[in-house]
Amino acid sequence: MIAIIDYGMGNLRSVSKAFEAVGHQAVVTRELAAIKNASHVVLPGVGAFGDCMANLERFNLVDSIRSTIQSGKPFLGICLGLQLLFTESEEFGRHRGLDIIAGTVRKFKVDPPLKVPHMGWNQVSIQNDCPLFAGIADGSNWYFVHSYFVDPLDRSVVATLTTYGASFVSSVWKNNVVACQFHPEKSQASGLRLIKNFGSWKP
């Protein structure tokens, strides 16, 4: 069973439906026992970084996420679920994150005609042999909606890069953790393939 963490923010149903579409059983939950007993765990999210961290703390989910990752269980972060894994964010001041991956979440600074948020389809350049991208073409298009991007201190965790004015990190891979800025649940065939790969992944 795949546990999709419900902390009151995020497009949880569309993520759940994507897993169902590729034949993986998933449950949307904030029950600590369900998360602990799941074979795989997903942290999705949309909204402001500080509000999301506050909700994770309010629902006592911070320690559960950390222990899940420390256990070696496959873990997928999506959009804000990627950003929350970092040390801190610059969104509306300074906010501490989960600090699973060292680095900072920074705001886009782009020149016209580009706009913030970065919204719509964009190409993703695969940087390593991350197992979740097996069977997915390099340079494929994925759906993005975000105003901030992650800046990891250790560049070895970079799984993909995307260009929006400048190159930015669009996904990371560290041991049993993969997290992406784009929305695989909204990215058609490529996104469904990544979700299917995750549900079968055994790090």
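This is a predicted model: local features need pLDDT of at least 70, side-chain atom pairs count only at pLDDT 80 or more; totals for chains, interfaces and linings use all residues.
Residues are numbered from 1 along each chain as its sequence is written, and side-chain values use heavy atoms, with hydrogens and water left out.

**Stop 1**

Within H3, display Phe-49, Gly-50, Cys-52, Met-53, Asn-55 and Leu-56, which are buried. Buried means under 20% relative accessible area, exposed over 50%, and partly exposed in between (1.4 Å probe, protein chains only). An α-helix has 3.6 residues a turn, so residues three or four places apart point the same way.

Centre the view on Leu-84: not counting residues up to four places away in sequence, Leu-84 touches Tyr-7, Leu-43, Phe-49, Cys-52, Met-53, Leu-56, Gly-97, Leu-98 and Asp-99.

**Stop 2**

Select strand S5 (residues 86–89) and strand S7 (residues 101–107), which run parallel and are joined by three bridges. Two strands pair if DSSP finds at least two bridges between them. Phe-86 has Ile-101 as its bridge partner in S7.

In S11, Asp-151 is the bridge partner of Thr-104, and Phe-149 is that of Arg-106. S11 is mostly covered, with four of its five residues buried.

**Stop 2: the aromatic pairs**

Show the rings of Phe, Tyr and Trp (its six-membered ring): they pair if their centres lie within 6.5 Å, with planes under 30 degrees apart counted as stacked, over 60 as edge-to-face and the rest as tilted. The model contains twelve aromatic pairs by this rule. The ring centres of Trp-142 and Phe-182 are 4.4 Å apart and their planes are at 40°, so this pair is tilted. The two residues stand 40 residues apart, with Trp-142 in strand S10 (residues 141–146) and Phe-182 in the loop between strand S14 (177–180) and helix H6 (188–200). Both Trp-142 and Phe-182 are buried.

Phe-149 and Phe-168 form another tilted pair, with ring centres 6.4 Å apart and planes at 55°. This pair joins strand S11 (residues 148–152) to strand S13 (residues 166–174) across 19 residues. Phe-149 is buried at 18% relative accessible area, and Phe-168 is buried at 3%. Ring pairs link Phe-108, Phe-133, Trp-142, Phe-144, Phe-149, Tyr-164, Phe-168 and Phe-182 into a cluster.

**Stop 3: Ser-170**

Remain in strand S13 and select Ser-170, which is buried with a relative accessible area of 0%. Its side chain makes a polar contact with the side chain of Thr-160 (2.7 Å). A polar contact is a pair of N or O atoms within 3.5 Å; within protein, one must be able to donate a hydrogen and the other to accept it, and residues adjacent in sequence count only if both atoms are side-chain atoms. Among the residues that Ser-170 touches are Val-124, Phe-144 and Phe-182, not counting residues up to four places away in sequence.

**Stop 4: backbone geometry**

Most residues other than glycine have a negative phi, and most peptide bonds are trans. Select Pro-112 and Pro-113, which are joined by a cis peptide bond with omega about 10°. Val-116 and Pro-117 are likewise joined by a cis peptide bond, with omega about 10°. Pro-113 is in the loop between S7 and strand S8 (118–123).

Finally, select Cys-79, whose phi is positive, near 55°. Cys-79 lies in the loop between strand S4 (75–78) and H5, and is buried with a relative accessible area of 6%. Gln-188 in helix H6 also has a positive phi near 55°, but Gln-188 is exposed, at 57% relative accessible area.

Key
Contact means heavy atoms within 4.5 Å.
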